[in-house]
Amino acid sequence: MASREIDRAPSVVGVPKRRPWSHTWLQILVVGVILFVALVEALQATGNPNYIPSMLMIGAFLVPVVFVSYIYDHEHIRDVAVPTVAFCFLWGGIVGTVVAGVLEYETTQRFGVLPLLAVGVIEEGAKLLAPLTLFARGRYRSEADGLLFGVASGMGFAALETMGYGFVGLLQSHGSVGVIEQLLLIRGILSPAGHAAWTGLICAVLWRERLRAGHVVINWAVISAFLVAVVLHALWDTFNGLTATSLVGSLGVLLVSLVIAGISIVLLVRRIREAGRAQLAAGGDEPVLP
């Protein structure tokens with residue numbers, strides 16, 4: 001942390017110093033890919049099922065960890081320690097998946113059905129539990145802080161969810177490594193456009209509105225951000241749950257899914273840029289975006 005603070009010290013009074021480009025996220029990505037390929041090759045060569053848990057864990061966590069590291073490095077968060085980000089990632093994922101799973105089960109048992117809109121409300125609410133503990137403490141107050149915590153919690157949720165889907169896919173495919181590789185690849189690539197974007201959007205707006213008002217406020221901006229995340233979540237689940245019976249139908253479902261993912265990414269990038277401008281205006285470090 002000392003080196004991060006030194007890097008952020010202004011070189012000229014009143015002029016924030018731009019921190020050099022960090023390649024931490026790229027290093028994690030390269031090492032993770034090498035380890036994943038090595039595990040797959042070892043599994044195929046030996047047929048030893050002991051490699052499967054490690055393959056699932058690295059495959060499910062690689063992109064989420066890389067994406068959180070990218071946001072952490074390039075947003076230039078001034079005072080957020082790595083353990084705090086790890087708390088949001090792990091506890092946001094664990095508590096979020098447990099709470100969401102239980103509530104979805106109880107709702108299904110009670111009413112017999114679970115509308116996808118209700119799934120969106122439950123899961124988006126569950127992912128906020130860990131960030132809200134930091135929000136309540138009030139130490140981290142910038143919009144960039146909220147964005148980071150939201151992305152971390154969303155990515156932790158996505159990683160554990162992907163790991164679960166990978167395990168189920170392994171059972172259903174009777175141990176097909178190819179099926180698991182495809183599932184992990186698709187869900188990994190799309191994860192930033194899903195849970196990370198939705199929870200990051202909500203938290204960024206929540207932190208921003210508190211900073212503007214000077215106190216905790218639940219106004220239309222916060223409510224609308226939550227509703228947008230819920231609707232995008234429900235639409236994503238709806239179209240990805242459809243079973244197309246023709247090539248045209250499959251292409252249509254894919255196209256709509258890509259549009260939803262594109263909208264989510266655009267909203268996330270917008271929040272990243274606005275958080276960066278707000279941080280720079282407040283005298284912080286300017287975020288570096290590619």
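Is isoleucine 94 buried, exposed or partly exposed? The model is a predicted one. Isoleucine 94 has a relative accessible area of 39%, and partly exposed covers the range between under 20% (buried) and over 50% (exposed), so isoleucine 94 counts as partly exposed.

Isoleucine 94 sits in helix α4, which runs over residues 82-111. Ile94 also belongs to a nonpolar patch on the surface, together with Phe87, Leu90, Trp91, Val98 and Val102. The accessible area of these residues together is about 540 Å².

The largest pocket has a volume of about 850 Å³. It is lined by 27 residues, and those closest to its centre are Ile186, Arg187, Leu190, Trp236 and Asn240. Helices that each supply at least two residues of this lining include α5 (116-127), α7 (143-172), α9 (195-213) and α11 (247-281). Helix α10 is also one of them. The largest share of the lining, 6 residues, is supplied by α8.

The table sorts the lining by class.

| Class in the lining of the largest pocket | Count |
|---|---|
| nonpolar | 14 residues |
| polar | 9 residues |

Terms used. Residues numbered from 1 in each chain as written. Predicted model: local features only at pLDDT ≥ 70, side-chain atom pairs only at ≥ 80, totals over all residues. Heavy atoms only, no water. Patch = residues over 30% accessible without salt bridge, like charges linked within 9 Å, V, L, I, M, F, W, Y side chains within 5 Å. Areas by Shrake-Rupley, 256 points an atom, 1.4 Å probe, with all protein chains shown as cover. Salt bridge = Lys/Arg side-chain N within 4 Å of Asp/Glu carboxyl O. Helix = DSSP H or I, 4+ residues; strand = E, 2+ residues; numbered from the N terminus. Buried < 20%, exposed > 50% of the residue type's maximum accessible area, 1.4 Å probe, protein only. 1 Å grid on protein atoms, 1.4 Å probe; cavity = no way out; pocket = protein on both sides within 12 Å on 5 of 7 lines; lining within 4 Å. Points joined across faces, edges and corners; volume = space filled by probe spheres on them. Nonpolar A, V, L, I, M, F, W, Y, C, P; charged D, E, K, R; others polar.
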